[in-house]
Amino acid sequence: MQHTPVDLGSKRAAYIQGAKDALAIPALILGSTYMGFGALVSETGLEVWHALISTAVNWAIPGQIATMELYAINASLFAIAAAVALINCRLMPMTIVLMPFIRNKTTPKIVYYFMSNFIAVTGWAAAMKLCPKLPEEQRLPYFTGFVIPLWSICMLATFAGYHLPGVLPAEVTMGLVFLNPVYFMLVFLADFTQPGRPTALILGAILGPLTFLVSPNWSLLITGLFAGTVAFLISEHRLKKAQSQ
């Protein structure tokens with residue numbers, strides 16, 4: 001796929017642009033979501049530092065919610081760790097896809113190992129949209145400028161949200177958590193020209209409810225695997241066809 005080159009001028013300018021992009025709608029949505037998460041932790045009876053550590057080292061709301069829900073039903077530590085690992089394994093292919101776009105020859109590898117911990121859907125989507133268009137030396141600064149301020153906002157929001165119960169109705173605080181999936185959908189819809197993306201979303205929307213009727217526990221995995229595979233194959237076919245012309 002061809003990308004129209006974009007030059008932000010310098011590494012510093014790329015970092016600042018990343019921060020500007022993050023501290024807008026993404027910060028508003030994720031901040032609201034993490035306020036809801038902080039409220040959820042408060043209602044489970046855990047301390048605020050539990051919530052902050054969870055956000056600091058996990059920073060992926062599905063896995064964090066699973067942790068709290070399993071803790072609330074007195075699940076074993078092994079069960080919680082296994083569930084979070086399974087949920088967050090979705091981040092591995094995202095990391096594999098993104099790293100070649102932000103890697104350069106002059107940056108030590110340890111930096112990439114550290115920054116890979118900040119790869120989540122929001123930062124990944126923003127980086128995949130712009131980084132391939134940037135000069136190689138500006139890609140990592142842009143990604144860093146995007147995710148570090150956003151992560152910091154989520155930490156502050158988690159702390160604030162922990163103290164929300166009793167201030168806002170429980171329905172409101174819990175509803176904040178579900179802003180994130182809606183935002184992700186809008187992000188992908190805004191860039192619907194990407195090959196395979198419309199196919200994956202449409203197939204997922206159709207198959208999701210159907211597979212849930214057959215197997216509620218495995219419906220999400222089955223739907224994602226099937227819709228993603230079909231979208232990938234269609235995208236590869238179109239790419240090969242375009243290259244042969």
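Okay, asparagine 74: exposed, at a relative accessible area of 70%. For the cut-offs, buried is under 20% relative accessible area, exposed is over 50%, and partly exposed is in between, with a 1.4 Å probe and protein chains only. Asparagine 74 sits in the loop between helix 4 and helix 5 (77-88). Its phi is near 65 degrees, a positive value in a residue other than glycine.

Quick caveat before I go on: this is a predicted model, where local features need pLDDT of at least 70 and side-chain atom pairs count only at pLDDT 80 or more, while totals for chains, interfaces and linings use all residues. Numbering starts from 1 along each chain as its sequence is written, and side-chain values use heavy atoms, with hydrogens and water left out.

There's another positive phi to look at. Tryptophan 59 isn't a glycine either, and its phi is about 50 degrees. You'll find tryptophan 59 in the loop between helix 3 and helix 4. Is tryptophan 59 buried or exposed? Buried, with a relative accessible area of 6%.

Now the overall picture. The protein has 13 helices and 0 strands, where helices are DSSP runs of H or I with at least four residues, strands are runs of E with at least two, and numbering goes from the N terminus. Buried residues make up 40% of the 245 residues. Take contacts, meaning heavy atoms within 4.5 Å, between residues at least 6 apart in sequence: 77% of them join residues at least 24 apart.

On to the record. An unreviewed UniProt entry lists residues 21-41, 70-89, 110-128, 140-160, 172-190 and 210-234 as "transmembrane region". UniProt positions are in the numbering used here, feature names are shortened, and annotations may be inferred rather than shown by experiment. I checked two of those spans against the model. Residues 140-160 come out 100% helix and 0% strand, with the end C-alpha atoms 30 Å apart. For residues 110-128 it's 74% helix and 0% strand, and the end C-alpha atoms lie 21 Å apart.

Next, packing. Two packed helices are described by the angle between their axes and the distance between the axes. The axes here are lines fitted to C-alpha atoms, for helices over the stretch in contact, and angles run from 0 to 180 degrees between N-to-C directions.

Start with helix 2 (residues 25-44) and helix 3 (residues 48-57): their axes come within 9 Å and cross at roughly 140 degrees. That makes helix 2 oblique to helix 3; under 35 degrees counts as roughly parallel, over 145 as roughly antiparallel, 65 to 115 as roughly perpendicular, and the rest as oblique. Helix 2 passes helix 3 in a right-handed crossing. On handedness, left-handed is when the near helix is turned anticlockwise from the far one by less than a right angle, and right-handed is clockwise. Who's touching? Tyr34, Phe37 and Val41 from helix 2, and Ala51, Ser54 and Thr55 from helix 3. That splits into 4 nonpolar, 2 polar and no charged. In this scheme Ala, Val, Leu, Ile, Met, Phe, Trp, Tyr, Cys and Pro are nonpolar, Asp, Glu, Lys and Arg are charged, and the others, Gly among them, are polar.

Helix 2 also packs on helix 4 (residues 61-72), with axes within 10 Å, crossing at roughly 15 degrees. So helix 2 is roughly parallel to helix 4, and that crossing is left-handed. On the helix 2 side the contact includes Thr33, Leu40 and Thr44, and on the helix 4 side Gln64, Met68 and Tyr71 are among the partners. By class it's 8 nonpolar, 3 polar and no charged residues.

Then helix 1 (residues 11-22) against helix 9: about 35 degrees, with the axes 7 Å apart. That crossing is right-handed. Among the contact residues are Lys11 and Asp21 of helix 1 and Glu137 of helix 9. The count by class is 9 nonpolar, 5 polar and 3 charged.

Two last residues. Histidine 163 is in the loop between helix 9 (136-162) and helix 10 (170-177), and it's partly exposed at 45%. Its C-alpha is 7.6 Å from that of glycine 38, though the two are 125 residues apart in sequence.

And threonine 223, in helix 13 (residues 219-244), is buried, with 7% relative accessibility. Which residues does threonine 223 contact, leaving aside neighbours within four places in sequence? Gly204, Leu207, Gly208, Thr211 and Gly228.
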